[in-house]
Amino acid sequence: MKQERKMHFQEGRRAQQQLENGFKQLENSKRKFERDCREAEKAAHTAERLDQDINATKADVEKAKQQAHLRNHMAEESKNEYAAQLQRFNRDQAHFYFSQMPQIFDKLQDMDERRATRLGAGYGLLSEAELQVVPIIGKCLEGMKVAAESVDAKNDSQVLIELHKSGFARPGDLEFEDFSQVINRVPSDSSLGTPDGRPELRAASSRSRAKRWPFGKKNKTVATEDFSHLPPEQQRKRLQQQLEERNRELQKEEDQREALKKMKDVYEKTPQMGDPASLEPRIAETLGNIERLKLEVQKYEAWLAEAESRVLSNRGDSLSRHARPPDPPTTAPPDSSSSSTNSGSQDNKESSEEPPSEGQDTPIYTEFDEDFEEPASPIGQCVAIYHFEGSSEGTVSMSEGEDLSLMEEDKGDGWTRVRRKQGAEGYVPTSYLRVTLN
């Protein structure tokens, strides 16, 4: 309707423009008629004056009379042209005001009436839809009330701990440093350091200053490419995300390179379809991107291996779980990338027996620096088709017909990572699910 309204206005402007052009032509013919009349009158006065002049020759008189006759003829033609133009303009003006403009206004009126009718129908549908939605909104509010009443703060805190645990080992007991040995020791010319033992005191004090307390003043950390500013568990998760992203980009570039090669072969076989040389810059650019991504993948793999070794060393020798893609259902269920709170506490107790390295300047308590990654959001929903008892490590139990949140799709090994409404998260067989992606 907006386009129709615009079309009607354009039609009115065109008709008005034609009428304005006719008026300009009328004005021009009117001025020409006025000018020719003045010239004819002037020529007639000149001929009359020469006719009465006794000194004028007969030739001058005849010439003046001919000029006056010519001017009279031109004035008569201008008069006829002005009359015709005036008649034409009056006819066009009457047609404009009595025919064209009423028709245009009628079309606009009809369009506006149709618009009002459609708006009325639209508001009626809107009100009906609102009336239908009100009960649904009430049910949603009831569901929100039930969900609010069923909040389990303890379970939520455990889920949050699993998401944000740092992976740091608890510090071991401090050893007693006997400075009295310095007093009893007799210095000799061959002994290292100063006789009063001040370097040892400075070293001990520097080690004591390397302590970082959980509830102390926060130190501003600078984000690094290898995420070394994060705790070990968080660093490992972020590196895994970056590595998966680089692998996806690498696969995309390799697919594009294969497509360009096939297109080049087609161009070489059928030159009329295109020039093979035109694809060379794109192929070269793709190869450069592939080499760059391969280097980045190697770099992130090295950082990930180092981060995993740190996590394993902090957890202790008894920790046998490791983060890798889940195994196929035919062999064993996948390993969970996050351990439970009790096992994490036991592992930390075992790893706490290791004394901290001397001269360590990096902070060991940074779990309160608000550098944790945001909790992962579900990528879809799924329903359990069959009952599954998650007895193996890394799996989670589910009941038939249970609604689950999809956290990670099947990577081709037959396992899918899901999260239950209670917060438990783990892997279940993909064939046991009906998946709906967001």
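Glu425 and Arg419 form a salt bridge in this predicted model, with their closest N and O atoms 3.3 Å apart. Both residues also belong to a network of salt bridges that takes in Glu408, Lys411 and Arg417. The count for the structure comes to 17 salt bridges.

- Glu425 is partly exposed, with a relative accessibility of 30%.
- Arg419 has a relative accessibility of 17%, which is under 20%, so Arg419 counts as buried.
- Glu408, Lys411, Arg417, Arg419 and Glu425 are the residues linked in the network.

- Ser405 sits in strand S2, which covers residues 403-408.
- Ser405 counts as buried because its relative accessibility, 18%, is under 20%.
- With neighbours within four places in sequence set aside, Ser405 is in contact with Arg417 and Arg419, among others.
- The other contacts of Ser405 include Pro378, Gly380, Gln381 and Val418.

**Glu402 and Arg420**

- A salt bridge joins Glu402 to Arg420, and the closest N and O atoms are 2.9 Å apart.
- Glu402 is buried at 14% relative accessibility, whereas Arg420 is partly exposed at 21%.

**Lys299 and Glu225**

- Lys299 forms a salt bridge with Glu225, where the closest N and O atoms lie 2.7 Å apart.
- The two residues are 74 residues apart, and the pair links distant parts of the chain.
- Lys299 belongs to helix H7 (residues 280-315), and Glu225 to the loop between helix H5 (198-209) and helix H6 (232-269).
- Lys299 is partly exposed, with a relative accessibility of 27%.
- Glu225 is also partly exposed, at 46%.

- Lys2, Lys6, Arg13 and Arg14 gather in a patch of positive charge on the surface.
- Arg13, one of the patch residues, lies in helix H1, which covers residues 2-52.
- Ser78 is part of helix H2, which covers residues 58-149.
- The relative accessible area of Ser78 is 1%, so Ser78 is buried.
- Not counting residues up to four places away in sequence, Ser78 touches Lys32, Phe33 and Asp36.

How values were computed
Residues are numbered from 1 along each chain as its sequence is written. This is a predicted model: local features need pLDDT of at least 70, side-chain atom pairs count only at pLDDT 80 or more; totals for chains, interfaces and linings use all residues. Side-chain values use heavy atoms; hydrogens and water are left out. Patches are made of residues with over 30% relative accessible area and no salt bridge: like charges are joined within 9 Å, nonpolar side chains (Val, Leu, Ile, Met, Phe, Trp, Tyr) within 5 Å. Accessible areas come from the Shrake-Rupley method with a 1.4 Å probe; for residues, only the protein chains shown count as cover. A salt bridge is a side-chain nitrogen of Lys or Arg within 4 Å of a carboxyl oxygen of Asp or Glu. Lys and Arg count as positive and Asp and Glu as negative; His and the chain ends are not counted. The place of a charge is taken as NZ of Lys, CZ of Arg, CG of Asp or CD of Glu. Helices (H or I, at least four residues) and strands (E, at least two) are DSSP runs, numbered from the N terminus. Buried means under 20% relative accessible area, exposed over 50%, partly exposed in between (1.4 Å probe, protein chains only). Contact means heavy atoms within 4.5 Å.
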